[in-house]
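Hi,

Here is the structure you asked for. My notes on it follow below.

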Amino acid sequence: MTESADPVLVIGAGVQGLTTGVVLAEAGRRVRIRTADRPQDTTSAVAGAMWGPAMLRPADRVLYWVTRSHAEFTALARDEASGVHLAAGRMAARADLGDTLPAETKLIPDLRRCTPAELPEGFVSGYRATVPLIDMPRYLDYLVDRFQDAGGELLLSPVTSLADAVAEAATVVNCTGVGACELVGDPGVHPVRGQHVIVRNPGLDEYFIELTNSEEFVGYLPHGDRVVLGGVAVEHDWDRTPRDDVSAGIRRRCAAVEPRLADAEVLAEQVGLRPGRDAVRVEAERYEGARIIHNYGHGGCGVALSWGCAFEAADLAGA
Ligand SMILES: Cc1cc2nc3c(=O)[nH]c(=O)nc-3n(C[C@H](O)[C@H](O)[C@H](O)COP(=O)(O)OP(=O)(O)OC[C@H]3O[C@@H](n4cnc5c(N)ncnc54)[C@H](O)[C@@H]3O)c2cc1C
């Protein structure tokens, strides 16, 4: 049997593990995913989620990953079952954004500066752009179906150590998100806590996202009959329980930009831990005679990078 025909074990069933599983299985590899959590209980299920510029490192790889993912999400938007759709909206800041835009914004055909009248009070600079929005609970179901249709096997079964993983397969892809901190013993991985409030959609079809580095910001993303409201980004906070004061702040900030959200019925509150790291890690290493391909540390952009990283991880796995 050639190495490329060997079975592959993927650890993790968030957006990275499932997308990598899909790419490998559709390339004809025998793939098993082992996950500690059901897909709907992962950080990925909490993400908003939008495709957008990713200010992460390594910059050249991130540009490739985000570009490749844009093409996939744009194509998926033609398939209603995927949970992906293209939406117009605004990305805006309370400070001047200047004229230098990330290179990947060239992928957005209708990108243009907001006129002053298009900016909410308190915002001084922004862009209008049509981008893919991904309804994560539906999208993860779509990925699971696509993975299983390609012959993949999904098991709810935590991996206790890398030795446990390589005992099962000579090729392992590690997509454990913030769990890589413990499984790999990578001290550079840390949680960046996020919280969302999900409300019944009062009639919005445009998104809004505040561009900022601060812990609290405004963001709302409509997905059919629901709108995902955010947000916060708190480094090194492992608490997975929604906090009332955080939800109240999110609702207040969103309503200040979009008054129709002020009285929208609350359907759920959710917390997710973004896998923070200095740089996204997609690379292969030898481990006890086996090959481990790492694919983790995507911070707040794991969905936007998912297809590019999955194709690269699959290449490294010899697919
Ligand atoms: C509030 C919020 C909003 C966000 N918005 C966006 C957005 O708009 N756009 C965007 O691109 N990104 C967004 N993100 C970031 C995105 O959610 C993450 O980057 C992405 O989900 C990471 O995916 P992952 O598959 O690496 O990790 P996860 O989704 O965390 O999945 C990790 C998987 O590994 C499994 N696992 C861990 N350890 C083990 C083990 N020992 N054994 C077996 N399985 C294990 C877990 O059970 C899980 O299945 C957002 C995140 C949050 C929290």
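These notes cover the ligand site first, then some backbone points.

This is a predicted model, in which local features need pLDDT of at least 70, side-chain atom pairs count only at pLDDT 80 or more, and totals for chains, interfaces and linings use all residues. Residues are numbered from 1 along each chain as its sequence is written, and side-chain values use heavy atoms, with hydrogens and water left out.

**Ligand site**

A polar backbone atom of Ala13 lies 2.9 Å from a ligand oxygen. For Gln16, the distance from a polar backbone atom to a ligand oxygen is 3.0 Å. A ligand nitrogen is 3.4 Å from a polar backbone atom of Gly48. The protein buries 92% of the 1000 Å² that the ligand exposes when taken alone (Shrake-Rupley method, 1.4 Å probe).

**Backbone**

Gly48 is also joined to Ala49 by a cis peptide bond, with omega about -10°.

Most residues other than glycine have a negative phi. His236 has a positive phi, near 65°. Glu288 has a positive phi as well, near 45°.

Best wishes

Methods:
A polar contact is a pair of N or O atoms within 3.5 Å; within protein, one must be able to donate a hydrogen and the other to accept it, and residues adjacent in sequence count only if both atoms are side-chain atoms.
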